[in-house]
Amino acid sequence: MERKPHIILSSLDLERIEALLDKQPAFPGRDALEAELDRADVLEPKEMPPNVVTMNSTVRFTLLESGKSNTLTLVYPKEMDGSSDKVSVFAPVGIALLGLSVGDQSRMAGPSGQVTVRVDAIEFQPESAGELHRCCLLYTSPSPRDKRQ
């Protein structure tokens, strides 16, 4: 059995993804995403290394079998708007990228079989940019005393 690379998630990303999964009906890849969440090391956002793919990170990666390089932002399904520069964390590529570090490779199911994705660079990561609560402010219902979006 192939060994999977070590992955790291922020506690806020994990909490938000688990909440979405609780409300989401079955989708292809759900079991794979849940398995990744279960095996991840979890850190507070302020402790996140800058070379790790987190939610709302912009990541440059290569599909090794084809040599094709892409730069996409890993987003929650709600943020998918048809633009070609985003990938949902519920999509196979999103599941594969979540929590990887620069240089890591992960195999994933693709339309024509297994493909290997390699993280080449993190072009933007909210945690290293000081935006520690970015994901939560976008997806948490405001409390009566907190009207931020």
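**A helix pair and a pocket**

Helices α1 and α2 are roughly antiparallel to each other (an angle over 145 degrees), because their axes cross at roughly 150°. This is a predicted model, in which local features need pLDDT of at least 70 and side-chain atom pairs count only at pLDDT 80 or more, while totals for chains, interfaces and linings use all residues. Residues are numbered from 1 along each chain as its sequence is written, and side-chain values use heavy atoms, without hydrogens and water.

Helix α1 covers residues 11-23 and α2 residues 30-39, and their axes come within 11 Å. Helices here are DSSP runs of H or I with at least four residues, and strands are runs of E with at least two. From α1, Leu14, Ile17, Glu18, Leu21 and Asp22 make the contact (heavy atoms within 4.5 Å). Arg30, Leu33, Glu34 and Leu37 take part from α2. These residues divide into 5 nonpolar, no polar and 4 charged; Asp, Glu, Lys and Arg count as charged, and Ala, Val, Leu, Ile, Met, Phe, Trp, Tyr, Cys and Pro as nonpolar, with the others, Gly among them, as polar.

Helix α2 also supplies at least two residues to the lining of the largest pocket, as do α3 (92-97) and β6 (105-110). Strand β6 gives the most, with 4 residues. A pocket is an open set of points on a 1 Å grid where a 1.4 Å probe fits, with protein on both sides within 12 Å along at least five of seven lines, and lining residues have an atom within 4 Å of a point. The lining divides into 9 nonpolar, 3 polar and 3 charged residues.

Methods:
Axes are lines fitted to C-alpha atoms, for helices over the stretch in contact, and angles run from 0 to 180 degrees between N-to-C directions. Angles under 35 degrees count as roughly parallel, over 145 as roughly antiparallel, 65 to 115 as roughly perpendicular and the rest as oblique.
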